[in-house]
Amino acid sequence: MTHLVVVEARNLIQSGDIVRAEALLSALVETEGDYALVEVLDEMPSKDLLAVIREYDSSKQSLLNLLITPEQFARVVVLDRLYKDMSHEHLRGMINSVIFREDADANEFIAAIAELEFGYEALADYLSDRAEEVAGETFAALETEDITRAEISDHDWKELTWLLRHEHADIYNIVHALLKVKLEEKSIPEVVHITEGDEEVVVNNDPVEKVTRGDDEDEDSAI
C-alpha cells in the first residue's frame with residue numbers, strides 16, 4: 001500500500017511546489033523517525049525523488065540528502081540526464097551533498113551508481129567540466145600513487161576522482177575513457193555551410209576565417 005505522504009508529495013511535485021514537497025517528506029522524521037522517511041523514499045518514483053533532491057546541495061541541505069540510501073540515490077542520479085542540463089551543475093551539487101556527507105561511505109554510493117545502466121555516464125557527466133584535468137595532461141597529481149585522500153580532499157571533483165582511481169580502478173578506467181571521448185568531441189571543429197552564388201562552400205566555424213573571406217571578397221569586388 002502506497003504511503004499517503006508519497007501521494008501528497010507526488011501531487012506537490014507535479015504542481016511544481018518542490019519546497020512544500022520536501023517539507024512534507026522531512027516532517028516524517030519528526031513524527032515517525034528516520035526509518036519512516038527511508039521507507040517512504042523507497043516507495044517514491046525515482047523521477048519524483050530526483051525533482052526534490054536535485055534542488056538541494058551542500059549550501060542548502062535537506063533531510064532527504066542526509067538519509068537517502070546508496071541504492072535510492074543511484075536510481076536518482078542516473079535519471080538526471082533527462083533534464084538535459086549541459087552544465088551538470090545540479091548533478092554535481094547533489095552528488096557532493098550526498099556522498100560526502102559526514103556519515104556516508106562515498107565508496108558505497110559510487111559502487112551503487114556504477115551498477116546501474118547509465119551509471120558510468122552519470123559519473124562522467126559529473127566530471128565533464130574537469131575532463132581536461134582528469135583525462136588530459138594538466139592534473140598529474142591525481143596520477144601519483146602516494147598521494148592520500150586527506151591531501152586531495154575537497155568534497156568535490158578531486159576527491160571523487162581520487163576515490164575512483166584508488167578505490168574503483170575498473171570504474172575509473174571506463175569513466176576516464178568516456179571523458180577522453182568528451183575531449184575528442186570538443187576538439188572536432190564545428191563546420192558551417194555557406195552558399196556563394198550556386199556553389200556551396202564548407203568552412204570551419206571560425207570568426208577570423210569568416211572575416212578573412214569577407215575581406216578577400218571586398219578586395220575582389222573593388223578590383
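This is a predicted model: local features need pLDDT of at least 70, side-chain atom pairs count only at pLDDT 80 or more; totals for chains, interfaces and linings use all residues.

Biologist: Pocket, then. How much space lies in the largest pocket?

Modeller: About 330 Å³. A pocket here is an open set of points on a 1 Å grid over the protein atoms alone, where a 1.4 Å probe fits, with protein on both sides within 12 Å along at least five of seven lines. Grid points are joined across faces, edges and corners, and the volume is the space filled by probe spheres set on the points.

Biologist: What is the lining made of, by class?

Modeller: Six nonpolar, two polar and nine charged residues. Asp, Glu, Lys and Arg count as charged; Ala, Val, Leu, Ile, Met, Phe, Trp, Tyr, Cys and Pro as nonpolar; the others, Gly among them, as polar.

Biologist: Which helices each supply at least two residues of that lining?

Modeller: Helix H9 (119–126) and helix H13 (169–187). Helices are DSSP runs (H or I, at least four residues), numbered from the N terminus.

Biologist: Tell me about Asp125. Buried or exposed?

Modeller: Asp125 counts as buried because its relative accessibility is 15%. Buried means under 20% relative accessible area, exposed over 50%, partly exposed in between, with a 1.4 Å probe and protein chains only. Asp125 is in helix H9.

Biologist: What does its side chain make a polar contact with?

Modeller: The side chain of Lys182, at 3.2 Å. A polar contact is a pair of N or O atoms within 3.5 Å; within protein, one must be able to donate a hydrogen and the other to accept it, and residues adjacent in sequence count only if both atoms are side-chain atoms. Leaving out residues up to four places away in sequence, Asp125 touches His88, Leu91 and Lys182. Contact means heavy atoms within 4.5 Å.

Biologist: And where is His88?

Modeller: In the loop between helix H6 (70–77) and H7. His88 is buried, because its relative accessibility is 12%. Beyond its neighbours within four places in sequence, His88 is in contact with Asp125 and Ser128. His88 and Ser128 are 40 residues apart in sequence, yet 8.1 Å apart C-alpha to C-alpha.

Biologist: How many residues of H7 are buried?

Modeller: Nine of its 11, so H7 is mostly covered. Among them are Leu91, Met94, Ile95 and Val98. The buried residues of H7 pack against helix H4 (46–53), helix H5 (63–67), H6, H8, H9 and helix H12 (157–167).

Biologist: Salt bridges. What does the count come to?

Modeller: 10 salt bridges. Each is a side-chain nitrogen of Lys or Arg within 4 Å of a carboxyl oxygen of Asp or Glu.

Biologist: Which residue forms one with Arg92?

Modeller: Asp129, with the closest N and O atoms 3.6 Å apart. The pair links distant parts of the chain, 37 residues apart: Arg92 is in helix H7 (residues 89–99) and Asp129 in the loop between H9 and helix H10 (131–135). Arg92 is buried at 17% relative accessible area, while Asp129 is partly exposed at 44%.

Biologist: What about Lys47?

Modeller: Lys47 forms a salt bridge with Asp48, the closest N and O atoms being 3.4 Å apart. Lys47 is exposed at 52% relative accessibility; Asp48 is buried at 4%. Arg10, Lys47 and Asp48 are linked in a network of salt bridges.

Biologist: Last one: what does Arg20 meet in a salt bridge?

Modeller: The side chain of Asp17, at 3.8 Å, N to O. Arg20 is exposed at 53% relative accessible area, and Asp17 is partly exposed at 23%.

Note on methods
Residues are numbered from 1 along each chain as its sequence is written. Side-chain values use heavy atoms; hydrogens and water are left out. On a 1 Å grid over the protein atoms alone, a cavity is a set of points where a 1.4 Å probe fits but cannot get out, and a pocket is an open set with protein on both sides within 12 Å along at least five of seven lines; lining residues have an atom within 4 Å of a point.
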